[in-house]
Amino acid sequence: MIKKMIGDFLMDNIGLYILLGLAVLLYVWYASIITKRNKAKEAFSGIDVQLKKRADLIPNVLTIAKKFMAHEKELLEEVTRLRTEVQKQQQDAHADEAAHIKERFMTEAQLQKSMGQLMIAVENYPELKSDTNMLEAQRAYQNVEENIAAARRFYNAAVNALHNAIQIFPGNVIAGLVGVTEMPFYEAEEADRKAVNAADVL
Amino acid sequence: MSITQQMDEKIAEIQAELAPKFKYVEQFRQQYFKDTLIHAVLIAAVLILVALTGIDIFFVFGLGSLGGVYLTYRQYTYTHKVKEEAIKPMAELLDLKYIPSGSYDILQQAKQANIIPTYNRGGVEDGFIGKVKDTEFEFTEAHLKYESGSGKNKSVKRVFDGGLMRFKLPYHVNEDVLILTDKGMFNSLKNMTQKFSGMQHIALEDPRFEEIYQAYGTDQVEARRVLTPLFMDVLANLKERFDIKIANKSSGLSIGRKSCDIQMLFSGNTLLLSLNYKGDYFEPGLMYKSLDVDWISDMVEDFALMRFIASSLKVQQHNYAHTQVK
């Protein structure tokens with residue numbers, strides 16, 4: 001008797017259960033998208049800290065370089081201009097919005113390129129190259145660059161996971177409803193590493 | 001010329017230098033085996049004669065056992081000779097120091113790092129120490145067993161027959177990074193158990209590395225500082241190389257296993273790596289068998305790869321070292 005009553009109750013409310021199941025599924029999907037977006041934002045914060053560190057280190061490098069590199073005025077000015085631009089973008093109230101992030105990454109990439117050129121140019125100035133302060137500044141700069149590279153790889157992995165979640169149905173619908181948008185990848189040129197010599201290994 | 005081509009040339013030079021030594025060892029083996037065979041025939045003849053005189057059978061068995069001990073001693077001497085005449089010079093040509101007894105210290109560290117299976121019996125042998133620039137590294141072979149039960153229920157299982165490597169890192173790793181061989185469908189279980197120890201799965205961008213390994217760490221960025229693209233490539237090569245060797249049943253690696261199990265841990269100033277290839281790599285085999293010419297050549301390539309692992313650690317992080325060493 002009780003068995004029959006339970007069976008009838010279940011049959012009468014089957015639509016409700018399907019709806020409930022669907023709601024739970026959508027919530028789990030939604031929660032997964034939000035988790036991935038937050039992870040990407042967390043990864044972005046990691047890069048942001050390192051990019052700010054780099055911007056803070058540049059004046060030190062420039063001050064030392066200016067004493068010796070009279071012929072590289074244009075390059076030094078370009079680095080100064082890009083650093084100012086980067087700092088302006090970092091302080092922007094919308095700095096963590098997707099469109100601004102993309103713009104920032106572009107400027108940061110330009111700054112990285114110019115700094116790379118500056119570091120290569122240092123090689124042409126023996127006095128500067130052997131200057132203790134310059135050596136220390138270069139080491140600190142290289143350390144930050146390596147941190148940026150690692151943080152960038154983490155950020156791109158997090159962004160990739162977010163994109164997969166919000167581009168595949170029904171993730172795209174849920175993302176559209178709650179306003180989760182794509183975040184840009186951070187593409188930057190890897191600094192050329194000194195070639196490994198077999199004689200160093202064997 | 002690429003680094004691979006340069007290395008191949010250098011390896012070929014070392015292999016060519018070793019060829020005469022290998023030829024000498026093979027000549028020695030042939031003569032030594034002939035002598036041993038004559039000794040065995042003489043021992044057998046003496047035993048038969050003694051048995052025919054009607055002497056106590058236990059005395060004959062006793063003499064037979066002594067003959068067995070003598071033959072074992074001959075095998076041991078032959079193994080020792082091969083190690084002295086072929087493996088030691090190979091190590092010297094690769095700028096490595098050969099220590100026949102191995103290193104217990106690495107075994108203890110690997111046990112603490114939990115990168116080898118639980119064991120209660122076993123030991124180490126065949127150790128090598130080297131240095132590439134400022135990066136010191138060591139290798140030792142370990143043979144470990146797990147004994148359980150007692151009396152009739154006693155069972156002994158071989159749990160590890162492979163190499164243990166220790167690299168002294170030119171930088172300090174603040175958060176541990178663990179790398180395990182990919183376990184396919186069992187990865188989810190592994191991910192869960194690692195979560196309990198506070199580690200999370202690190203998804204990396206190299207598809208070849210991702211197919212072979214699973215990386216875990218407490219800090220996503222720190223893990224990527226350690227697992228640089230070059231280093232991931234080197235680790236993938238290591239696994240593929242030993243899997244091929246196992247599939248081809250290369251000398252010393254034929255105790256029946258489908259693939260090589262690799263585990264490693266970056267912690268502090270050390271990288272520990274266990275390579276369970278299920279073999280006794282540095283044993284030349286029984287003296288009646290011809291020495292495998294590829295055996296030493298393969299060994300040269302393996303240690304060249306080990307040196308390359310050490311150098312890739314150094315090359316990648318040359319500047320990181322300066323600011324991060326504690």
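User: Where do the domain bounds of chain B in this predicted model come from, and which domains are given?
Analyst: Domain bounds come from an automatic or database domain assignment. The model itself is predicted. For chain B, the assignment gives domain 1 (1-93) and domain 2 (95-324).

User: How many Å apart are the C-alpha centres of domain 1 of chain B and domain 2 of chain B?
Analyst: The two domains of chain B are in contact, with 27 residues taken from domain 1 and 27 residues from domain 2. Contact here means heavy atoms within 4.5 Å. Between the C-alpha centres of domain 1 of chain B and domain 2 of chain B, the distance is 30 Å.

User: How many helices and how many strands does chain A have?
Analyst: From the N terminus on, the elements of chain A run α-α-α-α-α-α-α-α. The count for chain A is therefore eight helices and zero strands.

User: Why is chain A said to be more spread out than a compact globule?
Analyst: Along the principal axes, the C-alpha atoms of chain A fill a box of roughly 100 × 50 × 20 Å. For 202 residues the globule rule gives 17 Å. Chain A is more spread out than a compact globule because its radius of gyration is well over that value, at 26 Å.

User: What share of the residues of chain A count as buried?
Analyst: A residue is buried when its relative accessible area is under 20%. The accessible surface of chain A comes to about 12,000 Å², and 59% of this belongs to carbon and sulfur atoms. Of the 202 residues of chain A, the buried share is 39%.

Technical notes: Residues numbered from 1 in each chain as written. Chains lettered and ligands numbered in written order. Predicted model: local features only at pLDDT ≥ 70, side-chain atom pairs only at ≥ 80, totals over all residues. Heavy atoms only, no water. Helix = DSSP H or I, 4+ residues; strand = E, 2+ residues; numbered from the N terminus. Rg over C-alpha atoms; globule rule 2.2 N^0.38 Å. Buried < 20%, exposed > 50% of the residue type's maximum accessible area, 1.4 Å probe, protein only. Areas by Shrake-Rupley, 256 points an atom, 1.4 Å probe, with all protein chains shown as cover.
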